[in-house]
Amino acid sequence: MQRRVIFDNKLLPYLLLAPQVAVTLVFFIWPAAQAIWQSVHIQDAFGLRSEFVWFENFQVVLSDPNYVGTVKTTAIFSVAVTALSLGVALLLAVLADSKIKGARAYKTLLIWPYALAPAVAAVLWMFIFNPEIGSLGRLLNRLGYDWDYRLNGDQALTMVVLAASWKQVSYNFIFFLAGLQAIPRSVMEAASIDGAGPARRFWSITFPLLSPTTFFLLVVDMVYAFFETFGTIHALTQGGPGKATETLIFRVYQDGVVNNDLGGSSAQSVILMVIVIALTAVQFRFVERKVHYA
Amino acid sequence: MATVDIRNVRKSYGQVEAIKGIDVAVRDGEFLVLLGPSGCGKSTLLRMVAGLESITGGEIAIGGRVVNELDPKDRDIAMVFQNYALYPHMTVFDNMAYGLKIRGIPKPEIQTRVAKAAEILELGRFLDRRPSQLSGGQRQRVAMGRAIVREPSAFLFDEPLSNLDAKLRTQMRVEIKRLQDRLGITSLYVTHDQVEAMTLADRILVMNHGVAEQIGTPLEVYQRPESLFVAGFIGSPPMNVLDARFDADGRAVAMPGGAVLPLDRPRPADAGRAVKLGIRPEHLALDAAPGASSILVELVEALGADTVVYGRLPDGESLVIRMAGLPSCREGDRLAVAPQPGALHFFDATTGRRLGEAA
Amino acid sequence: MTTLSQSGGRRLIDLVPHIVLIVGVLIFAFPIYVTLIGSTWDSATIGRGNLPLTPGGEALVNYGQAWSESHGARASYTPVRVMLLNSLVMALTIALGKIAISIISAYAVAFFRFPFRMAFFWMIFITLMLPVEVRIIPTYKVVADLGLIDSYAGLTIPLIASATATLLFRQFFLTIPDELVEAAKIDGAGALRFFVDVVLPLSKTNIAALFVILFIYGWNQYLWPLLITNSADMETIVIGITKMIGTGEAANDWNLIMATTVLAMLPPIAVVVLMQRWFVKGLVDSEK
Ligand SMILES: Nc1ncnc2c1ncn2[C@@H]1O[C@H](COP(=O)(O)OP(=O)(O)OP(=O)(O)O)[C@@H](O)[C@H]1O
Ligand SMILES: [Mg+2]
């Protein structure tokens, strides 16, 4: 797509692009290239020489049972976060979109958590579920349930899933609401004239018409669960106890920054890139429309 | 004030030739209308004059100065667009003043010029409004105002009225005419509406497929169409075109269906030649004169002042007749019709060009 | 009688959506409420774990201490005033920087034709695919090599390239009619003049919407500032909170932590609530 009318300055467009391109080159292309380069090299102990090792780093990473465990944790974590935040958001959006009193107020009250950082969301949950200072955490213990997410891996995973989903609901809610508002009134009216009840209307009309939105959010939420929840996990459990809440991105950080294993962490970065590219390719149907027909 | 000279101008988009060599000299103060069907290249030609489109071949001069390589802003022209192209975020005043501001014209003078244009166009009350707060006709006037304040050598209009409803269009047409008479600025005006062309133009350039079919005053174009295309394009309903043949001594022409029309002036040079015969619907009359054709009436449209009769000649060719007054016939009637004397147009059967007059 | 009970049942069914929505609102509001309340009590009360549900009397003391002092009863911290400033600088620089460099590059791609135009466009577009987290370690190394650790530049510039904003602006620019550009050319405006006089004013709504989204994006950054800032003066408030919490033992300056959390949430929530209309439209548009 190109407009008919253009300006014919020769140098100006390059100047206008320069800042963006410079930042992209220096802080994106170059580091990404380095990650790929490092992922196929091993550095000696002094970092003086590096040797090309083909896919050895990948082999090491992928055959590490810990890493496989991390992959599993990440899968459980991201599927749970995606499902939970999508389901709750859809429920709330459908209710808030119906013609009920105070719909506007509900909307405002449900939208603002979008503003919270994932780490802050985690902190808020800690204030409540901490077994020593949190009111609900203490309540659980008093009721005889042995609650301490700092010691129990399953509880820790539940905790980060809840905190991460809690934060993402508002984002999904906004999009579902927009999707619902885009459904023509007349379609719904026609269905109710045809005698379809509310539940029937939802499953036979609303849900199918929302499916592009749902699909889009599915990908966005997966990416969120993979990467942005680093803050949630770092603030709440530090990946523990043990490795119970260690996700792939947390491990990249752990290996690269804390353990200073460049080759291994780069190989992991490359694996993550492949995952993101795959996710994005899935989403490309939408993006393509954005790029070509915009 | 200036002349606009278009000399053998061509435009190609890649392999496609949109303008195939057009020549026209627009006189100082003249109102030239570019008329033609959609896609014939009217806008392209106008935009080349404006400098919005590069010129592939030939030369354009404004006020005697060749402008091929000049930017639009340096050509001293102003343009009015079909969709008005007003700046949505600027007030009416700022819309008109913007071009003057850029040219560094002092504030007080901008004030007076805009005030004057606003007065001419009766926009005084709207100067502080945004385009979105105006009606279509008012927006149209602002677009004109933006052109007027510039006091350019030439106005360029690209279908400025086609977004208006029929009534407003007629009204604005009259205003444009009045304005041009008053300001006397050389104007090029693109339209595909022949009524606009006939009423506004000093001369009309009829275009088809990137070629100038004819350049002439509205009456010339109507009375002496140079080609079948022009003949068919101007006039409503369009001219009847029939396959005909001059008789052996060039004194009469044989109509399809058998009737033989005697010619006012014999054309011995064309004796026996097959031609296209054009007759305007308004030049046919119910008349049993010698050479009259018999038609079967298929449809009668009563327009009030006029009646249009659609009929068929015996061999099946259709013929349209326009008569003054109320209908005097009905579907299924058989009528005898004959052209008024001297109302026949002859065109070459293959090239479609008008045949020269009888010697 | 039948009618009455029927309409009674109906009314009950009508209440269900309200009940569900109110429960939803409460689930989102409750943690915030607890934090607000907590920030008005002393740390011992919170640490004992039976925080009342009504405000205490320590609000002024807690917020005052958190705001300006560099230590609580148990440990030393970066004062909130410093961290807020850092977060503000980071969020504003990222938001405004992204908007600025995106709007000009979108302008270049939409309004000019030049060699490698689409190559540049795709290069920018690819940045959309890979979140900074993926390439975090090598990006960190680049910033370290450039000597930008513990600087605002290091904190913000690497995050400033934006494919989303560029796409959004380009999309919007393509809706500007050709005739408007032509009218401006005839009026004598060049490329820069047209940008300043026409394109920028027309982009106001888009800029406002993007500002909200990007401000929040910037304010909420976590992994990147965690790596780039070492010195206490450079700490951002989101990082600051988790550092204050440490391992989450009961013996903590909970009063200060909660006050800090409230102050950390306030700016982004204010931006979202105050600019709700623009932000919702912008968010949905930019992802369409
Ligand atoms: N940028 C372009 N690239 C290729 N072909 C073009 C371009 N612009 C115009 N054309 C072609 O040139 C021819 C003339 O176009 P132009 O816009 O001048 O027609 P027009 O007479 O103004 O028609 P209309 O009455 O529909 O406005 C058309 O066949 C059109 O398809
Ligand atoms: Mg046109």
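How many residues of chain A are in contact with chain C, and how many residues of chain C are in contact with chain A? In this predicted model, the contact involves 92 residues of chain A and 112 residues of chain C. The two chains bury about 9400 Å² between them, and carbon and sulfur atoms account for 76% of that area. On the side of chain A that touches chain C, the largest share comes from helix α1 (residues 12-39) of chain A, with 20 residues. By residue class, this side of chain A comprises 69 nonpolar, 16 polar and seven charged residues.

For chain C, an unreviewed UniProt entry places the feature "transmembrane region" at residues 12-34, 88-112, 119-140, 152-173, 194-217 and 254-275. Residues 12-34 of chain C are 100% helix and 0% strand, with the end C-alpha atoms 31 Å apart. The span of residues 254-275 of chain C is 95% helix and 0% strand, and its end C-alpha atoms lie 32 Å apart.

Ligand 1 is surrounded by residues of chain B, including Ala18(B), Pro37(B), Gly39(B), Cys40(B), Gly41(B), Lys42(B), Ser43(B) and Thr44(B). Tyr13(B), Ser38(B) and Glu159(B) also belong to these surroundings. In the side chain of Tyr13(B), an N or O atom is 3.3 Å from a nitrogen atom of ligand 1. Oxygen atoms of the ligand are involved in two further pairs: one lies 2.5 Å from a polar side-chain atom of Ser38(B), and one is 3.2 Å from an N or O atom in the side chain of Glu159(B).

Technical notes: Residues are numbered from 1 along each chain as its sequence is written. Chains are lettered from A and ligands numbered from 1 in the order in which they are written. This is a predicted model: local features need pLDDT of at least 70, side-chain atom pairs count only at pLDDT 80 or more; totals for chains, interfaces and linings use all residues. Side-chain values use heavy atoms; hydrogens and water are left out. Contact means heavy atoms within 4.5 Å. Buried area is the accessible area (1.4 Å probe) that two parts lose on being put together, summed over both. Helices (H or I, at least four residues) and strands (E, at least two) are DSSP runs, numbered from the N terminus. Ala, Val, Leu, Ile, Met, Phe, Trp, Tyr, Cys and Pro count as nonpolar, Asp, Glu, Lys and Arg as charged, and the others, Gly among them, as polar. UniProt positions are given in the numbering used here, feature names are shortened, and annotations may be inferred rather than shown by experiment. A residue is near a molecule or strand if one of its heavy atoms lies within 4 Å of it. A polar contact is a pair of N or O atoms within 3.5 Å; within protein, one must be able to donate a hydrogen and the other to accept it, and residues adjacent in sequence count only if both atoms are side-chain atoms.
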